[in-house]
Every structure is written in C-alpha cells, then in structure tokens.
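Me: I'd like to learn how to read the places where parts of a protein touch. Could you take me through an example?

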Amino acid sequence: MYQLLKQIVKTGIKTEAPPMPDEGLRVTAQRLEKAMLDKLGRALAIRHIDAGSCNGCELEIHALSNPYYNIEALGIKFTASPKHADLLLVTGPVAKNMEFALQRAYDCTPAPKLVVAVGDCGCNGGIFGESYASCGRVANVIPVDVAVPGCPPTPQALMVGILTAISGK
Amino acid sequence: MKLLDLDFVPLPGALKAYRASADAAGLMAFAQAVKESGGRFVALWGSDERDLKRGFTLHVAFGIEQGLALLELTLAAEAPEYPDLSEIFPAANRLQRATYDLLGVKARGADSRPWLRHANWPADFFPLRRDADASRQFPPGNEDYEFVRVEGDGVHEIPVGPIHAGIIEPGHFRFSIVGEKVLRLEQRLGWTHKGIEKRFEGLTLQHGARLAGRVSGDSTVAYSWAYCLAAESLGNTVVPARALFLRALFLERERIANHLGDLGYLGNDAALAFGFSQFSRLKEDWLRLSGALFGHRFMMDAIVPGGVACDLPAGGAEKMLAQCDGLESEVHLLKNIYDEHAGLQDRFLTTGRLAPELATLLSIGGLAGRASSQAWDLRTQNPVPPYDRLETQIVIQRNGDVAARVAARFEEIFESLRLIRLLLKDMPAGELAATLAPATEGSSAIGWIEGWRGDVLVSLTAGRDGAIRRCHCQDPSWLAWPALEHAIMGNIVPDFPLINKSFNLSYSGADL
C-alpha cells in the first residue's frame, strides 16, 4: 500500500487543458438552443458504438480516459446503455451486419440524440467503402451532427469533435 | 522435401515455408500426422480458380518442426466439397464455415451454420467467387441463429451484444448459467465483417498494404509486415537491412503499447483503478514518442512494400533509449504492486483457466497460448531477419489462468525492451526501401509474423498487371476465440470481463 500511495504522489496530476471546439467539423447545424446547451454544460453521457471499425479508433477513444486527456474531469462520461446517452460516438464503416443494431441503438437513445461519426471510415466509408458487406459512412444509416476525420483521429481531435457537438456558435 | 509421400517445394522468401498438393485422403493423413507429432493447425482458406479451369482450391496451413507446411487441395467446380478437418483440429470449425459463407465450398458433414453471413446477403451469394459483384447491396435480413441450448433445472441464458457495455468491438455472447456459474458460453461473431478479402481483389500490391494495415488496428504493424513480406517474396525484392531493423523496432513498440494497455485494463477490471491510470499514462507516453518519431501513434503505414516509409530521426535513438530505461523501472515497480496486491491476485489466480492439454487440442498460439504452455513464437521458431540474430527469449507460463496471462505480458515487455535496445545498438545505416519487384501472374507467397497477440498470416496471390488476385489475412484470434469459450466454463459471470480482457482478442481481425 505504501508503494502504491507513493507512486500516486510521485506521478502527480498529468491532466492537460482541453482543446477548443471546431465549427469546421460540424455536419449539420447545431440543433440545440443556447438555453439547452447552457443547461447541459459539459455534463454529457456518451454511448460508444463500434459499427464495424478496425479497432484503431477504439484505441484512441480509450485514450480519452487516460490521465492526460481525463475526459471525465470535464463532466463527460461513457455510459453502458444508449438509453442513458446524450451522444452516440460511432466508429467504422457501418458493417451490413451492424446496420440493424446501430439503428436500434439510435432509436433507443433519448432526444436530442447527438451523433458524432468517428474516423475516416465513419466520415466517408474510408478504405472499406460501400459493398455487399459495408454500408459505408455512418450518415448513410443514422443522422450525424459532427464528423471527426483521421485514421484514427488523435484523442485531441476526438475531444474537439465531442466538444463541438455540445457547443453553440 | 518429402513428408508422408507429399512432395513439398519451398515457397519464395525468408520464411521456412513449403507447399504441396494433396488429395483429400492425403490432406487428412497429413493433418493427423501433424497432430500426433505435436504440430499445430494454423490457417484455412479457399480460392476460386474456375477461370483457370481448376475449380476451387482449399488451402490449409500447419505449423510443423520444419516451418510452415501449406497443403493445397483442388476441388470440383460444381458442388465443391472437402473432408471435415474439425474432426482432427476442432479449430477448423469456424474457418470452414466462413470459407463456405464467402466462397461456397463446403466441409462434408461438418457444422453448417453460417458464420460471417448474418442473413444480410442471400445464402446463394458467395462474395469471394470471382464472378460475384461485390458492389451489390442486399436488404438486411433477420437471422435466427441456432445456439446450442443447455437444459436442466435452473439453467437460463444471458444474451450479451452485439453492442457491448464498454468501449469495445461488437460481438454476441450467449451465456448459459445456473446461479452465477457459467455452464457454457457460445460466441456469435462476424458483426464487423466488411468484405476486406473481396476489397483486396484488384488493388495494386502497393495499395494492398494500406488495407492490410487496417484489418485489425491494434496490430497494424504486424499486419503490414506480414503483407509486405508476402508481397516482397513474390518477386524476390531485397529489403534494405536498415528497413528490416526499423520494422522490428515498430513491431516491438506495438507489442509493448498493447501489453501496457492490457495491464492497465486488467487492473481496472479487478477494481484497481490505480493500475489503469498508471499503465494508461505509460502507454500514452509510449504512443506520443512513436507519433513524434515516426509520424503516427500506432505506426500505421510505416511499413510499405519494399521497406519502410520513415526513418529514425536524429536524436531519436537517444530519446527511445531514455524512454525504455524509464519505462522499465516503472513497470518493475508496478509489477511489484500488482504481485503484492492481495485483492488483485485473488481475482487473477485460478480465474479463467485454459489447461495446457486443451490449449494444444484447440491449436491456440500467441500470447494466450504461451500462457498455457504452448511454446509457439515465430520470433524464435521461424524468424525473419532481423529476428534471426536477436535470439528472442520465448515467454512461457504454465498455469493458463488470468494471472499467467498477466505475468506473460510483464515478461514480454521486459524482453521487448531488451530487443529494442539491441536493435538500436546494431541498427545498420543505408536505404529505407527498395523498389518492389514485379510479381508474375499466378505466383503466390506467404507472410507470417508474430504480432503482440499471436501469429498473423497473410497469403498473397498475384494477378494480372501487378494487381492482387487473392489475399487472405488470418488473425490469431480465429484460433483463440474458441479457447475463451472453454476458459470461462465454471467461472462466475462477473469474472467474464476480466477473463475476456486477459485474452483481448480481435473481432475485426477475425470478422474480416
């Protein structure tokens, strides 16, 4: 126990300042009114859905919870159910086999159902494109508010995308 | 080389790999002999050769003492069938089903439930047939999959997925339980199938590397290397020595990054959040240096056909060595904390045990295999340069439980740090890449690389004008997923996330 506490003290606080939102990532105009955004603040619940990614984007989404990005300190947390989510963070080209599951998760999410599409695949189908097995970009299956390109996008870029989704102009 | 009356010819390239044609009886006899002599089933895939008037071909790869033995069996153009290999190697089951879903060649009398096809394309549409139009889109269907039912007093089922509760790839797990105890787990995977193998068709050999690097994102280096090894072997491209050293450097950095991440989550899943924050911090430092030195945190597309796309910048070796020293002492300290933490060890020890005999039966290799006494590591047994001079120490654990898989990760980190230092010390000067030599139409080659999770195999056949005719990528997870079904038996449901994490298998890699 002594070693453990010593290590915590030695490590100190690593958290870095969060980035600013970027209007350039917005796909559809902000649907939430200012009063609602103010109320929401940054108390955001995110449900992540891998709709067919290679797991690269997931690695960087995981990184959001490390001490450097520490996304939870901003009031943003990942939830286990779409029913508890304000925002869906969707990766991958949407695999045909995941189309139905993604649609159902979207249907279960309470309004206003913010959606952030993640990665080159989420934005435009990426290298996998559209085929018998892939529906391509996320917007082909559910409406998207913000799209974050990158292969995979860095944790910094993901934070920008998430913060853009809950910011006004 | 002659084995069991089969004439094996060496495949091109640095790997010890041999190919032979066999008939159905010869294939089964060979498989039986491999099993009896302590060899391993490695891979199975099919190809459509009807345009060459050769029907279909079934390809089966085995790991034997001499290296990789690849057997090819010609199948009829109409109603193609082959004998059920899962009778000898149960691990062939899902691969046979996937091969049917994609190509329409059938294992006679075997489990015929679909695997990659989830009723979202018609049962008579076989995408890997050369005349199949891959751009066709079909209306989604609703599948009624036949799970094996467990019956008895108080038995009930818990269905989980495809969307899981955490930040994780999709899959479906059907638990049959009584009280808290798991009687049986049955996996239904294939959700992230995105048509990768069809997508390869027609890409240039150069372009294929990018796709191979995105089969399973956490193993991008292993996949790119395996792919490039195959592509270079096709035309006997000589890769510069410096490029080979850099590739090994990337591969060991990828191994350490993933092991650090897993060790953090394993602590977290056993309620030690301290472990997660410490290891995820170390992993982030590690990824940042990879990003700073090589332009990408996961070194995607750093390995290209012919060599590598980026050099070690000036001062990079010093930074890396300093980071290795710092990481080594921190990981030693954290290992001590993990080892002495009674609550953590209580969760790790005896949990999710995969007995060595069962591991052998299931053909499991890689990290999870080595934690159950399966001494397979290509870096020692079939080393491609520069591993032929590194004398990699294979890490073996015997208990096969979560604790063994944790211990194996710790030890492999220390061994990889040793390899990185060695690579930096002996790094030769010179070119970064050679021009990829053109491949003759119809030639094929294998790439086989020990990634952090296990052996990644890529089989590549050249088509016309330097394009890809067929590319099969095989993830180690194909053979490890069924082992997880066994490791959970008799454990309690709340231990599943921990056991699952201790294997940390790829969904995308095996869904293709």
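Me: With the side chain of which residue does the side chain of B:Asp455 make a polar contact of 3.1 Å?

Reply: Let's start with the idea: a polar contact is a pair of N or O atoms within 3.5 Å; within protein, one must be able to donate a hydrogen and the other to accept it, and residues adjacent in sequence count only if both atoms are side-chain atoms. Here the partner at 3.1 Å is the side chain of B:Trp448. A second polar contact, of 3.2 Å, joins the side chains of B:Asp455 and B:Arg40.

Me: What should I know about the model and its numbering before going on?

Reply: The model is predicted, with local features needing pLDDT of at least 70 and side-chain atom pairs counting only at pLDDT 80 or more, while totals for chains, interfaces and linings use all residues. Residues are numbered from 1 along each chain as its sequence is written, chains are lettered from A and ligands numbered from 1 in the order in which they are written, and side-chain values use heavy atoms, leaving out hydrogens and water.

Me: Is B:Asp455 buried or exposed?

Reply: Buried means under 20% relative accessible area, exposed over 50%, and partly exposed in between (1.4 Å probe, protein chains only). B:Asp455 has a relative accessible area of 7%, so it counts as buried. You'll find B:Asp455 in strand E16 (residues 455-462) of chain B; strands (E, at least two residues) and helices (H or I, at least four) are DSSP runs, numbered from the N terminus.

Me: Which residues is B:Asp455 in contact with, leaving aside its neighbours within four places in sequence?

Reply: Contact means heavy atoms within 4.5 Å. Among the residues that B:Asp455 contacts are B:Val42, B:Leu378, B:Ile449 and B:Gln474.

Me: What kind of charged pair does B:Arg40 form with B:Asp455?

Reply: That is a salt bridge: a side-chain nitrogen of Lys or Arg within 4 Å of a carboxyl oxygen of Asp or Glu. In this pair the closest N and O atoms are 3.2 Å apart.

Me: How is chain B divided into domains?

Reply: Domain bounds come from an automatic or database domain assignment. For chain B, that assignment gives domain 1 (2-108) and domain 2 (196-510). Their C-alpha centres lie 26 Å apart, and 33 residues of domain 1 of chain B are in contact with 31 residues of domain 2 of chain B. Across this interface the rule finds 4 salt bridges.

Me: How much area is buried between domain 1 and domain 2 of chain B?

Reply: The size of an interface is often given as the accessible area lost when the parts come together. Buried area is that loss (1.4 Å probe), summed over both parts. Between domain 1 and domain 2 of chain B it is about 2,700 Å², with carbon and sulfur atoms giving 61%. B:Leu15, B:Arg40 and B:Arg94 supply 28% of what domain 1 of chain B buries there, more than any other three residues.

Me: And what about the interface between chain A and chain B?

Reply: 50 residues of chain A are in contact with 60 residues of chain B, and the buried area is about 4,600 Å². A:Asn97, A:Ile127 and A:Tyr132 supply 19% of the area that chain A buries against chain B, more than any other three residues. The rule finds 2 salt bridges across this interface. B:Arg297 forms a salt bridge with A:Glu60, the closest N and O atoms being 2.6 Å apart.

Terms used:
Buried area = accessible area lost by both parts, 1.4 Å probe.
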